[in-house]
Amino acid sequence: MNLNRPRFIIHIQNHSRMCLALLSLCFLSACGANSESSKITADLVPVTGTASFKGEPLAGASITLIPQQGESGTQMASAVTNDSGAFELITPMPNMNIEDLKGAVPGKYKVVISKFLMPDGSALPPGTTEADAMTEGAKESLPRIYSNFEMSKLTAEVKKDTAEGTKIEFVLK
């Protein structure tokens, strides 16, 4: 160390080293998160299906698969049904292309199916979250045995070894 150098230069150099070390750590952490996301997306199995309520297609319903207790390595998956009650699950992860998220990780899941309607009985406006709609008076239209996490007895199993993926049919009464 050169003793003739001013102390602030030594301090700046040490500070730069610390910043570089922190940046490196952040970069390595991001790489780890990316590799975890890549592993999950590589394990995804295509999952499609239909939902009906009282014999009619269940349009505009949210379908959520929550990993059952003890199911390690599984992730929550969800979908919204179209006008004919059909759906295709995705496994949401931040900063990923939606096409790479289609499907669910193999495992056993508890299922919650929910459909909120505005006070006049109309569907939620496009882009409106259920939480926002509830502040405007929206109500759950399905019985709690399907729409309440604690009361739902609905289950689904996503299997790894199916050629076409997993097809699920929810017939609600």
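The legends below walk through several close-up views of this predicted model.

Residues are numbered from 1 along each chain as its sequence is written. Because the model is predicted, local features need pLDDT of at least 70 and side-chain atom pairs count only at pLDDT 80 or more, while totals for chains, interfaces and linings use all residues; side-chain values use heavy atoms, with hydrogens and water left out.

**View 1. An open sheet has four strands in the order β4-β3-β6-β9, with antiparallel pairing.** At its edges are β4 and β9 (155–158), each of which pairs on one side only. From one strand to the next, the twist averages 30 degrees (axes are lines fitted to C-alpha atoms, and angles run from 0 to 180 degrees between N-to-C directions). Strands here are DSSP runs of E, at least two residues long, numbered from the N terminus. Two strands pair if DSSP finds at least two bridges between them.

**View 2. Strand β3 (residues 62–67) pairs with β4 in the antiparallel sense.** Four bridges link β3 and β4, and Ile63 has Ala79 of β4 as its bridge partner. Strand β6 (residues 107–114) also runs antiparallel to β3, joined to it by six bridges. Here Pro67 stands opposite Tyr109 of β6.

**View 3. Strand β4 (residues 77–80) has a covered face and an uncovered one.** Ala77 and Ala79 belong to the covered face, whereas Ser78 and Val80 belong to the uncovered face.

**View 4. Thr81 is found in the loop between β4 and β5 (86–88).** With a relative accessible area of 5%, Thr81 is buried (buried means under 20% relative accessible area, exposed over 50%, and partly exposed in between, with a 1.4 Å probe and protein chains only). Its side chain reaches the backbone oxygen of Leu58 at 2.6 Å and the backbone nitrogen of Ala61 at 2.9 Å.

**View 5. Lys54 is found in the loop between β1 (47–53) and β2 (56–57).** Most residues other than glycine have a negative phi. Lys54 is not a glycine, yet its phi is positive, at about 55 degrees. Lys54 counts as exposed, at 62% relative accessibility.

Conventions: Polar contact = N/O pair within 3.5 Å; in protein donor to acceptor, adjacent residues only side chain to side chain.
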